[in-house]
Amino acid sequence: MPKRSEEMHMDLWMSLLLVWITCAPRVSTTPIAGQSKSIQTGGSAAVASGLGEGQRLLSRAKRGWVWNQMFVLEEFSGPDPILVGRLHTDLDVGGKNIKYVLAGEGAGTIFAINELTGDIHAMKRLDREEKAEYTLTAQVVNADTDEPLEPPSEFIIKVQDINDNPPQFIEGPYRAAIPEMSAVGTTVTRVTATDADDPVYGNSARLVYSILEGQPYFSVDANLGTIKIALHEMDREMREEYLVVIQAKDMGGHMGGLSGTTTVTITLMDINDNPPKFSKSLYEFVIPENLPIGKMGGKVKANDRDIGENAKSTYSIIEGDEQGTFEIVTDAQTQEGILRLKKPLDYETKRAYTLRVEAGNMQTEPSSGSSGPFKDTATVKIVVEDSDEPPVFSKPIYVLEVNENAPINTVIGTVTARDPDGPGSLVRYFIDRHTDLERQFNINVDDGKITLAKPLDRETDMWHNITVTATEVRNHSQISRAIVAIRVMDINDNAPEFATEYEAFLCENGKPGQVIQTVSAVDKDDPIQGHYFDYRLVPEMLNNPNFTIKNNQDNSISVLAKHDTFRRQKQEVYFLPIIVTDNGNPPMSSTNTLTIRVCGCSKDGIVQSCNVEAYVLPIGLSMGALIAILACIILLLVIVVLFVTLRRHKNEPLIIKDDEDVRENIIRYDDEGGGEEDTEAFDIATLQNPDGINGYLPRKDIKPDLQFMPRAGQHSGPNGVDVDEFINVRLHEADNDATAPPYDSIQIYGYEGRGSIAGSLSSLETASSDSDQNYDYLREWGPRFRRLGELYSVGESDRET
């Protein structure tokens with residue numbers, strides 16, 4: 001057996017002996033009824049005394065130590081089953097036929113009992129970490145009849161631990177973080193190992209921690225597993241991450257103990273312990289003077305060894321910018337200082353700037369040992385580069401005034417602009433005609449004087465907004481603009497007039513002095529002191545016997561009637577001319593006529609009728625009724641005229657009269673050929689009536705008694721149709737048509753040709769005339785008809801001879 005097992009067995013026997021001495025029963029003077037039993041472990045048993053019965057009653061019953069427990073070492077293995085213990089009963093005396101029976105957990109499989117001796121053996125290798133104890137029941141029975149000789153007794157077999165499990169870090173590997181520059185002894189984290197062995201028995205589960213890697217930076221508490229800082233001023237900027245290996249060993253760390261390890265990754269967290277630092281102490285930039293406001297002129301950069309929020313810097317200008325021309329802001333992405341313009345640069349005014357720029361982060365950690373903000377400064381020199389600038393107007397907006405009656409070429413005002421560059425180029429002025437479409441103004445290109453080109457009318461446009469441009473003579477691309485607002489000042493050039501076309505109504509039964517109409521006036525002018533109108537009758541109406549006027553003191557008048565004897569039969573309409581004068585300088589006046597109609601009114605003064613004709617109408621017949629009667633009369637007249645027209649149209653005969661009878665079938669067409677130069681045959685399709693091409697067209701002169709079957713339409717070919725054949729076919733059809741009248745009819749074709757300067761060559765009229773014909777006029781038609789005229793002239797002369 002190994003030395004370690006011998007030591008454990010020795011410890012076990014010593015423990016059993018101490019327990020037996022402590023727990024052995026004392027001598028009892030009380031008789032013990034029944035039997036007693038004992039348990040021997042490890043081959044030693046406390047057996048009952050073999051004295052007589054009387055002596056047994058007076059002596060104590062000697063039992064084994066802790067009769068209800070047995071122990072067996074785990075992981076024990078050997079060629080033979082290990083003896084766990086022995087059961088013994090007082091009934092087991094010579095000659096008794098008894099046997100021991102074992103039941104409970106593992107009985108018969110893990111544990112076996114010798115029926116005769118009561119020895120209990122472990123048949124298998126036991127593991128305390130799987131099961132620490134087993135509960136069994138022992139009983140003595142008759143070997144022949146299996147009858148129990150005593151009640152069953154329960155006992156426990158405990159598996160005694162040995163150091164067979166190493167420590168384990170269940171939660172490993174570990175990660176931890178701690179601020180840099182932490183003090184020595186600052187706790188970083190704690191690691192914990194577990195041991196499956198029995199923590200009560202022996203030192204198998206007593207763990208001791210130690211550090212294998214990570215010194216001299218960190219240390220570990222041997223009993224608690226707490227990792228702490230062991231080195232002063234650990235700087236993240238020097239090293240950010242450390243790998244620490246921790247060991248846990250059982251048996252109190254003694255030799256022979258089992259061990260387990262884990263790793264701890266420790267990261268130093270950043271603190272703001274480094275100030276920002278400019279990469280160089282002097283920055284130089286060249287900025288053109290025409291750089292727009294808000295645009296970047298340069299960049300500066302202060303580097304910070306810290307990270308995250310601790311590395312963010314703010315920039316400011318602390319010297320050299322008293323006028324506030326520049327500003328510096330921080331780029332959130334690159335942490336650069338962006339130098340921008342707040343005011344425009346002027347090369348002619350100031351050509352260089354020297355700025356003092358500061359970068360700092362205001363937050364510091366207490367552990368860094370600094371009591372104030374970290375800062376750094378740098379010098380920025382800026383050189384302004386000259387640029388060709390456009391002209392600059394003396395004002396961005398000009399406001400000018402002109403009277404609306406000002407004559408042409410009146411000078412309204414002057415705009416001025418100068419070239420801000422050093423040499424100073426001449427400037428030319430122009431009006432943007434997009435803002436002066438009617439060309440009402442002109443400007444002198446040299447001195448900027450704006451003059452009037454067309455008369456102005458304040459009542460049409462009170463304001464005129466034009467844009468004036470100034471251009472350098474030496475560089476036409478340099479252009480600037482200014483707005484010129486021209487206000488047209490009012491003059492008294494409009495006479496007042498009635499506010500509307502008034503038409504007053506006067507009741508016949510009105511009373512003298514009644515107000516007929518209230519009249520007000522308007523004036524297109526707009527005097528500064530406001531309007532005041534004076535009303536009066538024309539001189540010839542000053543003694544008007546019918547009407548008078550009264551001033552209402554609010555720029556209006558009331559027209560009053562002087563008597564009550566107005567009658568429509570006497571006079572239906574009165575015209576009252578009134579003169580209206582304004583208060584302008586000079587004053588303007590106009591004559592306006594008020595129309596006054598005499599009307600018939602009800603007793604309440606409500607106008608009912610204002611016409612003389614209405615006055616003579618019968619009582620009870622209104623104007624609407626009269627209009628309705630007239631409309632009915634006109635409708636009846638129209639119906640009679642239509643009826644007569646239709647009757648006359650029906651009485652017209654359908655048969656052509658004898659004096660209109662024409663014994664020829666005349667086909668008229670106006671399509672003129674090409675003359676002698678026409679090389680194509682005439683298209684006979686032009687002689688066809690388009691309404692009858694596709695079918696039979698009935699005759700309109702008479703209604704035939706017999707129905708005639710429609711003939712198939714003659715479709716002419718595109719070219720070369722025989723006119724003679726066409727005419728013969730039509731004559732044949734006419735001769736054989738039973739429904740046709742015994743005379744020819746005239747067919748008219750409605751196709752209009754282009755006409756011909758030769759007119760018609762028909763011989764219908766000349767054939768029946770014996771008058772002489774002069775054909776000399778054919779010579780005037782051109783060479784085509786000259787030869788024809790000569791032929792006809794020869795024919796006539798031959799006839800005479």
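## Salt bridges around R236

At 38% relative accessibility, E240 is classed as partly exposed, a class that lies between buried (under 20% relative accessible area) and exposed (over 50%), computed with a 1.4 Å probe and protein chains only. E240 takes part in a salt bridge with R236, in which the closest N and O atoms are 3.9 Å apart. A salt bridge is defined here as a side-chain nitrogen of Lys or Arg within 4 Å of a carboxyl oxygen of Asp or Glu. R236 itself is buried, its relative accessible area being 9%.

R236 also forms a salt bridge with D270, with an N to O distance of 3.0 Å. This pair links distant parts of the chain, 34 residues apart: R236 is in the loop between β13 (226-229) and β14 (241-249), and D270 is in the loop between β15 (259-269) and β16 (277-278). R236 and D270 are both buried.

## Basis of the model

This is a predicted model, in which local features require pLDDT of at least 70 and side-chain atom pairs count only at pLDDT 80 or more, while totals for chains, interfaces and linings use all residues. Residues are numbered from 1 along each chain as its sequence is written, and side-chain values use heavy atoms, with hydrogens and water left out.

D419 is buried, with a relative accessible area of 7%, whereas R474 is partly exposed at 45%.

Salt bridges with shared partners join R236, E237, E240 and D270 into one network. The count of salt bridges comes to 20.

## Chain-level composition

The secondary structure of the chain consists of six helices and 43 strands; helices (H or I, at least four residues) and strands (E, at least two) are DSSP runs numbered from the N terminus. Of the 801 residues in the chain, 33% are buried. The accessible surface of the chain is about 49800 Å², and carbon and sulfur atoms contribute 53% of this area. Accessible areas come from the Shrake-Rupley method with a 1.4 Å probe; for residues, only the protein chains shown count as cover.

Among contacts with a separation of 6 or more, 67% involve residues 24 or more positions apart. A contact means heavy atoms within 4.5 Å.

F111 has A122 in β6 as its bridge partner. β5 and β6 form a hairpin with five residues between them, and G118 in the turn has a positive phi of about 85 degrees.

## Surroundings of I549

I549 lies in strand β37 (residues 547-551) and is partly exposed, with a relative accessible area of 21%. Residues up to four places away in sequence aside, I549 touches Y535, R536, L537, I557, S558, V559 and I578. The C-alpha atoms of I549 and V519, which are 30 residues apart along the chain, are separated by 9.7 Å.

Notes:
Two strands pair if DSSP finds at least two bridges between them.
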